[in-house]
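Let's take a friendly tour of a ligand site. Have the sequence and the model open side by side as you read.

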Amino acid sequence: MRAFTLGYEAGKRFLDDHEIFELIEKGQKEETLSQEEKPKLTLEGLLPETEPFRAIAQNVAGGDVEAAVDLVKTAIGNGRDGLIVVTDGLLKGMDAISVLYDHKQAYVPEILLAAQALNAGLRECGDLGALESKGTVLIHTAEGDLHDIGKNIVAAIVAANGYRVIDLGTSVDSVRLLEAVRENSPVAVLGSSLMTSTRSAFLETADLLVQEGIEVPLIIGGGAIDGAFAGQRENMRYARDPGELVRVLDAIARAKGK
Amino acid sequence: MNAKKRIFSALNGGRVDRIPAWLPVVPVTVSMMEISKAPWSGSHSNAEQMAKLAAMPWELAGLPTATVPFCLSLEAEALGCQLDWGTVNRTPSVKRPAASKPDEFDVPENLLERGRILTALKAIEILAEHLGEEIVINAKVTGPFTIAGHVFGVGNLLSWIKTNPEFVHDAMSRTVEVTKELAKAFLAHGADIVSVSDPTSSGDLLSGDYYEEFVFPHHKDVAASIKAPSTLHICGYTKELLPHIRHTGFDGFSFEEKVDVLTAKKILGDDISLIGNISPVATMLQGTPEKVTTEAF
Ligand code: B12
C-alpha cells in the first residue's frame, strides 16, 4: 500500500560534474566573503578604557566570579557609586562577552559563567534604588518549550539592567501566566520559544490578555520567533537579542513613568 | 537495488542507484497516530503501539525505515530524571535533572529494566520480526553529552566546562556507558542500525575545541563499540565540530541546514556519509512537496 512515490528516476545522478564544480566555486567565493566580513574581535577592544571598570568588566567577561566580586567590593569600598559600577563595569563585561558570542568567538559556557559573575557582582552593589525603580518583568518559555538556556541568559541580562525579574520557568500555560500578571503588574511579559511547534502559545496568551482587559506588552524572542510572527497581535513584539530587548523595555518603562 | 541495501551502501560510502530517502531521527506525525490507532500516550509506553506507530512512515509514505523510541528521554527517565510527558504533538522531555554532581550518580545495575527501556527493546523486536527484511530497523539512542545534560542539568554541565572540567570528564565517563549499553541491547533485539542523537553537543553551545576535549573521545568510544552501521546526529550549527566528527568512526553524520552540504563534504571527505541537511521546519513543515524534492536532489 505505498500511497505515493516521489517519482524518482532510477539511476539518475543528482548533479553533473560541471554543476558540482560550479557549486564548489560558488561555495569557495561565499566562504572567502564570509571570512572577510567577520574581522576577529578581541576582548580587550570591547572593554571600557578606565579602571577599575575595565578590570571589573574583564572579570565578568572572563567569568571569574571571585575576582569580579572582589573588585566590585573594593570599588564600592573606595566610594564608587554602585549604579556606576553596574553600568560602567559589570554590564560592560556582559556586553563584551555577548558580542564575542554573537561572532562565535565565545560559546554558551562563557556566557553562563559571565552571567554568574554579573549576578554575584550585582549583589555587592547594595541598594540600587535608581535601577530597581525600572519595574517588574515576568519571563517564561512557551507552553511545551523546555529550552531554557537562552531564557536564563535573557533573565540575567534584564535583571542586570535594573528590572525585577520574576522567572516563571519553562512550559508555562497562559492561565498560570495570567495569574502571575495579575499578582505582579509587570511592565512587560517576556516569552521565549525555540520550537516552532510551541510558539502559537504566545498568540493564545496575547489574546487572553486582551480578553481580560490587561494592558501589558508581550515581548517574545528565541529561535522560533521573528518579527512577522510577533506582528500577528497588537500587544505582541519581537526582540532579536537581549540588547534590543533592554532598549525596548527601557522605552516602555520610560513611557509608563511619564 | 532494494531500499535496505541502498541505505547500507550509502552509509558505507558505496554505490547507490539514487540517494536513499532515509533519516536517523523520528518522522512520525499526529495523523500517523490517528491512522495507526497508536495514540500518543500508548506509543511511548506500549511496545505494540510503539512498533505500530514506528512502522507508519513506511506503511503510509514508503519511507523505508522504522525508528524507536520517539523521544530523547528514554535513558534520562531510567536514570531517575523527572519527565514532562508532553502532549500529542510534543515528545516527552526532561523536566528536572536527577543529580547535581557527578559523584551523586552511578549507572544503575539493572539499567535495561528501568523506565520504558524494555518497552522500546520489545518494539524493536516486533519491528524486526515483521518488517526486518524489507526496511531498516533503526534504534535511536541518546548520546552521552545530552544524557549528561539531562542528568545534571545543561546549565551545570556547560558551566563545569569552565569551572570544573574534571566534573565533565567524570560525568561523561559514566553516561557514555549508558549509550553503549543501550546500543548493544537494541542490536541484540534485532535493530539493524544504531543512530546516536547528541543534540546538546551542538556547535550552538560548544566550540570545536570544547567538543574535541569533552565529547569527541566518548563519541569515538561509542562508535567503536557499535558492531553494526551507526550514525551520529547533532542539531544546529556544527561546522566547527566537523573536523573532529570526521574521525569519530560513525558511518554517517546527520546535520542541519545551518552548515551547507558542500562545506560539510569538504571537511568530512569520504570518511563519513552525509545525512539530512534539509530544514525540518522551513522545508518539511512549512514548505511544499516540490521544495522538498528540489532540496533532496
Ligand atoms: C540545547 C538544545 C536542546 C537541549 C535543551 C536544554 C535546555 N535546558 O535548554 C535538549 C537536548 C534538552 C533539547 C531538547 C529538544 N529539542 Co532542542 N535544541 C537545543 C539547541 C542545540 C541549542 C539551544 C540553545 O540553548 N542555544 C543557546 C542559547 C543561548 O541561545 P537561544 O536559546 O537561541 O537564546 C538566545 C536568543 O535566541 C535570544 N532569546 C531567547 N529567548 C528569548 C526571549 C526574548 C524575550 C528575547 C528578546 C530574546 C530571546 O537571546 C538568547 C541569548 O542570546 C537548539 C539548536 C538551535 N540552533 O537553537 C535545538 C532546538 C531548539 N531543539 C529542537 C528540538 C526539535 C528539540 C526536541 C523536540 C528534540 C526531541 N525530539 O526530543 C526536544 C524538545 C524539548 C522541549 N520539549 O522543549 C529544534 C527546534 C526546531 C524548531 N524550530 O521547531 C532545534 C532548533 C534544533 C533543530 N534545528 O532541530 N534541545
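Which element gives the largest share of the shell around the ligand? In this predicted model, that element is α8(A), with four residues.

**Who surrounds the ligand**

Because the residues around the ligand come from chains A and B, the site is shared between chains. There are 39 residues around the ligand, and those that come nearest are A:L146, A:H147, A:T196, B:D204 and B:E256.

Look next at A:H147, which sits in the loop between β1 (136-141) and α8 of chain A.

| Residue | Protein atom | Ligand atom | Distance |
|---|---|---|---|
| A:L146 | polar backbone atom | oxygen | 2.6 Å |
| A:S192 | side-chain N or O | nitrogen | 2.8 Å |
| A:G144 | backbone N or O | nitrogen | 3.1 Å |

As for secondary structure, the elements giving two or more residues to the shell are, in chain A, α8 (149-160), β3 (188-192), β4 (218-221) and α12 (242-257), and, in chain B, α7 (144-152).

Methods. Residues are numbered from 1 along each chain as its sequence is written. Chains are lettered from A and ligands numbered from 1 in the order in which they are written. This is a predicted model: local features need pLDDT of at least 70, side-chain atom pairs count only at pLDDT 80 or more; totals for chains, interfaces and linings use all residues. Side-chain values use heavy atoms; hydrogens and water are left out. A residue is near a molecule or strand if one of its heavy atoms lies within 4 Å of it. A polar contact is a pair of N or O atoms within 3.5 Å; within protein, one must be able to donate a hydrogen and the other to accept it, and residues adjacent in sequence count only if both atoms are side-chain atoms.
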